[in-house]
Amino acid sequence: MTSVPYVDLVKQNQALRPRILEAIDRVLGHGQFINGPEVGELEEKLARRLGVKQVVGVGSGTSALTLVMRALDIGPGDEVITVSHSYVATATSVCLVGATPVFVDIDPTTGLMDPELLAAAISPRTKALIPVHLGGVPCPMNPIQELCRAHGLHLIEDCAQAVGATLYGRSVGSFGTGCFSLHPLKTLSACGDAGFITTNDQDLAALLRRLRSLGHRDRDHVDVPSENARLDTLQAAILLVKLPHLEEWLVRRRDHASAYETALRPFFELTRITEDAQPAYSTFVIRHDKRDALIAHLASKGFDVKVHYPIAIHQQRAFEGTSAPGLPHTEALVRRIISLPVTPELEPPDRDALIDALIHWSRSNA
Ligand SMILES: Cc1ncc(COP(=O)(O)O)c(C=O)c1O
């Protein structure tokens, strides 16, 4: 029987294995496991690739979000507007700094933050907005940026799923302060946890470098109490092997997405892509009212698909009590979405077999 996994992390690293092992060996040779030279080299290369002045490597996407909020002095009593249709870390990080997440609904066509709803959600306590480039699809940043300027709010972009995505010809994370994840399932991935922050503000970058390292200004002086949220030297060394391949991986993701778009549009509702955006496609999402039956059918044929995410953040027990009035589009969408495999390792014949299975099922379930 066919067996098409949603993601194959072993295959992903197989081709680069000798070079990854060499990179690890180099780190073992110099012994600078904390803040080693690979961290700075990766930060410089990422900054050049993404067209930003500063990249600050950190331990995870979650740390990127919490450190940025702490650096911007966001804490107890403050509100941060974001979406409930995201991975839970978006809102968790707001809670971790002691602030309150305020959820706005999504635009049902894009599945992303609806800029039209933002003005009504702003209160005197609002400090920042966190749009999420979910699935590597950029949010419409022009209206969001304008609103932040008009109300004096910080703009923090959750780019965890969007390394390589661009909008208006610019990288996501260059419109505000960008928070990226390099988790193994992301479009550029470490062999473990890692993340980074993008900013054009040199002072903010300097503060973030202190905050990621227990507040240290130098070896003996600590300016602010903080946590350990450093990017591991070993992960940076591995990421330096992978970074030159990002472009070819994005091309393959976009090829899969384009094949799905063309073949499936007559049969399924698809995500509307923001104008002038080039998504990174960490996921490719289709929608159907009989989502669970479709997933079961695909599993019986050997196709593994996922749901990102079946429970909206405000519906999680952890967020019980959070004020989330009226999120009808979010609540409707999480019941209908399915993520299809779209990784660079997916073979086009397997993708095409999945397309055939989807079309066949759709015809018999119309
Ligand atoms: C939208 C979003 N935000 C934040 C994060 C947190 O990133 P990390 O897992 O690297 O902490 C993730 C990771 O899955 C994510 O998908």
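Guide: The radius of gyration is taken over C-alpha atoms, and the globule rule is 2.2 Å times the number of residues to the power 0.38. The model discussed here is predicted; local features need pLDDT of at least 70, side-chain atom pairs count only at pLDDT 80 or more, and totals for chains, interfaces and linings use all residues. Residues are numbered from 1 along each chain as its sequence is written.

Visitor: What radius of gyration does the protein have, and what would a compact globule have?

Guide: For 366 residues, a compact globule would have a radius of gyration near 21 Å; the protein has 21 Å, which agrees. Along its principal axes the C-alpha trace spans about 70 × 55 × 35 Å.

Visitor: How many helices and strands does the protein have?

Guide: Helices (H or I, at least four residues) and strands (E, at least two) are DSSP runs, numbered from the N terminus. The protein has 13 helices and 15 strands.

Visitor: Into which domains is the protein divided?

Guide: Domain bounds come from an automatic or database domain assignment. Here they give domain 1 (9–104 + 111–244) and domain 2 (246–364). Their centres, taken over C-alpha atoms, are separated by 24 Å.

Visitor: How many residues of domain 1 are in contact with domain 2?

Guide: Two residues are in contact if their C-beta atoms, placed from the backbone, lie within 7 Å. By that criterion, 30 residues of domain 1 are in contact with 31 residues of domain 2. On the domain 1 side, helix H1 (9–14), strand S3 (100–104) and strand S8 (166–167) each give two or more residues. The largest share, 3 residues, comes from S3.

Visitor: Which classes of residue make up that side of domain 1?

Guide: Ala, Val, Leu, Ile, Met, Phe, Trp, Tyr, Cys and Pro count as nonpolar, Asp, Glu, Lys and Arg as charged, and the others, Gly among them, as polar. The side of domain 1 that touches domain 2 has 17 nonpolar, 11 polar and 2 charged residues.

Visitor: Which residues are closest to the ligand?

Guide: A residue is near a molecule or strand if its C-beta atom, placed from the backbone, lies within 6 Å of it. The ligand is surrounded by 15 residues, of which Gly 61, Thr 62, Tyr 87, Ala 160 and Ser 181 are the closest. Helix H4 (61–71) and helix H5 (89–96) are the elements that give two or more residues to this shell. By class, the shell holds 4 nonpolar, 9 polar and 2 charged residues.
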